[in-house]
Amino acid sequence: MESLQYQTLLVQGDSSRARVRLFDYNRCLVDMSSFEVEPTLTVLMVDATCSMGALLDKTRETLTTMFAHITRLTKEEGKNANFQVQICAYRNYNVRADQLLQKSDFSPDPSYLVNFLSGVQIAGGWGDEAIEVGLQHVNSLIEAGLNISQVILIGDAPAQSEEESERKRESQYGESYWESTQFAKMAKYEEEKSRIVSSDVPVHAFYLKERAKTCFESLASSTNGLAAELDVNHPESATTLTDLVCRKLAAAIDPDLERKYMEKFAGGRAFE
């Protein structure tokens, strides 16, 4: 059955999902212990508006390194590296519904995630951005029974208010358009923030510009997450991005692994 599904995906030209299917199938054959521990699920939520090209490039460049670091760290520490990541790219209401929130499947395969992110193009952007749409998606996953371990948010603009969302929906395509889409129920930032706070899911918020600092720090503080500045134009920005994401991927697997990661990898250090 697995091989038939793999062949079907290849015939359909869906190489990304075929790769994930093959990865999961081979992992089952080699290591059944992966089923003994429920995977940690991380949602990586990134701003994909027009000002964020450098961030998307850096994320694509570092994803494979992130996964390699965590896999090697867990192997050295005798931990089960059963973790998966979903990427969500959010924009604003000056793009169509299919671009407002793009999301991958949850995957343990960095090549699939890199391939997904390669298909994400910067677009839109309208002052404060639609972070509430991303949080609404995360809350829907939680309500559906998925055990979300954490959210990692990266952006350069604060969340927009309910009034801003209403105005932008109406002035660009009109409320009647949005009511015909999957975003018929307008997400409201304060409501979605309260929902995720009540779910005890930490949001680690990394901001690229000062104007997002207050919003991102408040969101992280409310959810017991980490907030930090990320300068994507700094020569060491790829290393900083890798460290910020990896330390939290490690912590979701085992809290002690965050300290181990910082000791062995932070700042571009590798195992000797």
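Colleague: At what angle do α11 and α12 pack?

Modeller: This is a predicted model, to be clear. In it, α11 (residues 237-253) and α12 (residues 255-264) pack at about 145 degrees. Their axes are 5 Å apart.

Colleague: Is the crossing left-handed or right-handed?

Modeller: Right-handed.

Colleague: Which residues meet there?

Modeller: From α11, Thr242, Asp243, Cys246, Arg247, Lys248, Ala250, Ala251 and Ile253. From α12, Pro255, Leu257, Glu258, Tyr261 and Met262. The residues of this contact divide into eight nonpolar, one polar and four charged.

Colleague: Take alanine 251. Buried or exposed?

Modeller: Alanine 251 counts as buried, because its relative accessibility is 19% and the cut-off is under 20%. Alanine 251 lies in α11.

Colleague: How far is its C-alpha from that of serine 149?

Modeller: The two C-alpha atoms are separated by 9.7 Å. Along the chain, alanine 251 and serine 149 are 102 residues apart.

Colleague: Switching to α9. Which residues are buried there?

Modeller: Tyr189, Glu192, Lys193 and Ile196, in a helix that runs over residues 189-198. They cover an arc of only 100 degrees around the axis, so they sit on the same side of α9.

Colleague: And what does the face turned away from them carry?

Modeller: Glu190 and Ser198, both exposed.

Colleague: What covers the buried side?

Modeller: The cover includes α6 (131-143), β4 (148-155), β5 (203-207) and α10 (213-222).

Colleague: What about the backbone after α9?

Modeller: Aspartate 200 follows the helix, and its phi is positive, near 60 degrees.

Colleague: On to α10, then. Which residues are buried?

Modeller: Cys215, Phe216, Leu219 and Ala220. Their arc around the axis is only 125 degrees, which puts them on the same side of α10. On the other side, Thr214 and Ser221 are exposed.

Colleague: What covers that buried set?

Modeller: Among the elements there are α6, β4, α9, β5 and β6 (227-229).

Colleague: Where is the positive phi by α10?

Modeller: At asparagine 224, just after the helix. The value is about 60 degrees.

Colleague: Let's talk rings. How many aromatic pairs does the structure hold?

Modeller: Seven. One of them is phenylalanine 67 with phenylalanine 83, and that pair is tilted. The centres are 5.0 Å apart, with 40 degrees between the planes.

Colleague: Where do those two sit in the chain?

Modeller: Phenylalanine 67 is in helix α3 (residues 53-77), and phenylalanine 83 is in strand β2 (residues 83-90). The pair links distant parts of the chain, 16 residues apart. Both of these phenylalanines are buried.

Colleague: Why is the pair of tyrosine 173 and tryptophan 178 called edge-to-face?

Modeller: Because the ring planes are at 65 degrees, and the cut-off for edge-to-face is over 60. The ring centres of tyrosine 173 and tryptophan 178 are 6.1 Å apart.

Colleague: How much relative accessible area does tyrosine 173 have?

Modeller: 27%, so tyrosine 173 is partly exposed. Tryptophan 178 is buried, with a relative accessible area of 0%.

Colleague: Which residues form the aromatic cluster?

Modeller: Tyr93, Tyr173, Tyr177, Trp178 and Phe183 form one cluster.

Notes
Residues are numbered from 1 along each chain as its sequence is written. This is a predicted model: local features need pLDDT of at least 70, side-chain atom pairs count only at pLDDT 80 or more; totals for chains, interfaces and linings use all residues. Side-chain values use heavy atoms; hydrogens and water are left out. Axes are lines fitted to C-alpha atoms, for helices over the stretch in contact, and angles run from 0 to 180 degrees between N-to-C directions. Helices (H or I, at least four residues) and strands (E, at least two) are DSSP runs, numbered from the N terminus. A crossing is left-handed if the near helix is turned anticlockwise from the far one by less than a right angle, and right-handed if clockwise. Contact means heavy atoms within 4.5 Å. Ala, Val, Leu, Ile, Met, Phe, Trp, Tyr, Cys and Pro count as nonpolar, Asp, Glu, Lys and Arg as charged, and the others, Gly among them, as polar. Buried means under 20% relative accessible area, exposed over 50%, partly exposed in between (1.4 Å probe, protein chains only). The arc is that of the directions from the helix axis to the C-beta atoms. Rings of Phe, Tyr and Trp (its six-membered ring) pair if their centres lie within 6.5 Å; planes under 30 degrees apart count as stacked, over 60 as edge-to-face and the rest as tilted.
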